[in-house]
Amino acid sequence: MIKAILVFNNHGKPRLSKFYHYFAEDMQQQIIKETFQLVSKRDDNVCNFLEGGSLIGGSDYKLIYRHYATLYFVFCVDSSESELGILDLIQVFVETLDKCFENVCELDLIFHVDKVHYILNELVMGGMVLETNMNEILTRIEEQNKLEKQESGISGASSRAVSAVKSMNIPQQLKEMKLPDIPQAIKELKF
């Protein structure tokens, strides 16, 4: 089972953190800091598996990570997960982000947090791996994008209606409206 998914930059700034077990906010920050220290000190030519830090489970858990450009993708898992399977899952996650954002970078993770979490939730939910087929994930994301466009069309219709009413300038039209002189109109009526 996956205990946490962390993405941070080369300076240790968290860009995505998803914990599947409860930790208090200050403990989460300490876990991120400890995980960054453990992972960033490792050489590029060593394996991508190591024991979890003391705060996130020690030797009962493993940190499996990949380093891409300026970002570290770290999955903390228990002994029931396959290390190579998780490495493959990280690769699928990064490739899916890359397809969605066209050459994903750190800024995409910052400015599109909701979309990144949606992608992650298509892969993993509740610490369990749901989907590893990138094409299936991309299909779900495209469906979500269509729904968002439909919703924006509906909500956009109300804003267009409001702007149309504003452009009619109703108060000015009321001022310019010429009503007949009531006493004169009564005199002109023939019974």
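Contact is taken here to mean heavy atoms within 4.5 Å. The model is predicted, and local features need pLDDT of at least 70, side-chain atom pairs count only at pLDDT 80 or more, and totals for chains, interfaces and linings use all residues. Residues are numbered from 1 along each chain as its sequence is written, and side-chain values use heavy atoms, with hydrogens and water left out.

The protein contains 7 helices and 7 strands, where helices (H or I, at least four residues) and strands (E, at least two) are DSSP runs numbered from the N terminus. Their order along the sequence is β-β-α-β-β-β-α-α-α-β-β-α-α-α. Of the 191 residues, 34% are buried; buried denotes under 20% relative accessible area, exposed over 50%, and partly exposed the range in between (1.4 Å probe, protein chains only). The accessible surface is about 12200 Å², with 54% of it belonging to carbon and sulfur atoms; areas come from the Shrake-Rupley method with a 1.4 Å probe, and for residues only the protein chains shown count as cover. Among contacts between residues at least 6 apart in sequence, 48% join residues at least 24 apart.

Strand 5 (residues 71-78) is mostly covered, with 8 of its 8 residues buried. In a regular strand the side chains alternate between the two faces of the sheet. In strand 5, L71, F73, F75 and V77 are buried on one side, and Y72, V74, C76 and D78 on the other. Two strands pair if DSSP finds at least two bridges between them. Strand 5 pairs in the antiparallel sense with strand 1 (residues 2-9) over 7 bridges, and V77 is the bridge partner of I2. Strand 4 (residues 61-68) is also antiparallel to strand 5, over 8 bridges, with Y68 and L71 as bridge partners. The hairpin of strand 4 and strand 5 has 2 residues between the strands, and A69 takes a positive phi near 50 degrees there.

N48 is placed in the loop between helix 1 (25-40) and strand 3 (49-51). A polar atom of the N48 side chain lies 3.1 Å from the backbone oxygen of Y65. Not counting residues up to four places away in sequence, N48 touches L63, I64, Y65, R66 and L87.

A nonpolar core is a set of buried Ala, Val, Leu, Ile, Met, Phe, Trp, Tyr and Cys residues joined through side-chain atoms within 4.5 Å. The largest such core has 29 residues, of which I2 and F93 touch the most other members. Strand 1, strand 5, helix 2 (83-101), helix 4 (113-123) and helix 5 (134-168) each supply at least two residues of this core, and the largest share, 10 residues, comes from helix 2. F93 touches L16, F73, V116, I119, L120 and L123, not counting residues up to four places away in sequence. Apart from this core lies another, of 17 residues, among them L6, I32, Y61 and Y65.

There are 4 salt bridges, each defined as a side-chain nitrogen of Lys or Arg within 4 Å of a carboxyl oxygen of Asp or Glu. One of them joins R15 and E106 (2.7 Å, N to O). This pair links distant parts of the chain, with R15 in strand 2 (residues 14-19) and E106 in helix 3 (residues 106-111), 91 residues apart. R15 is partly exposed, at 25% relative accessible area, whereas E106 is buried, at 17%. In helix 5, E136 and R140 are 4 residues apart, about one turn of the helix, and their side chains form a salt bridge (3.0 Å, N to O). R140 also meets E143 in a salt bridge (3.2 Å, N to O).

Conventions
A polar contact is a pair of N or O atoms within 3.5 Å; within protein, one must be able to donate a hydrogen and the other to accept it, and residues adjacent in sequence count only if both atoms are side-chain atoms.
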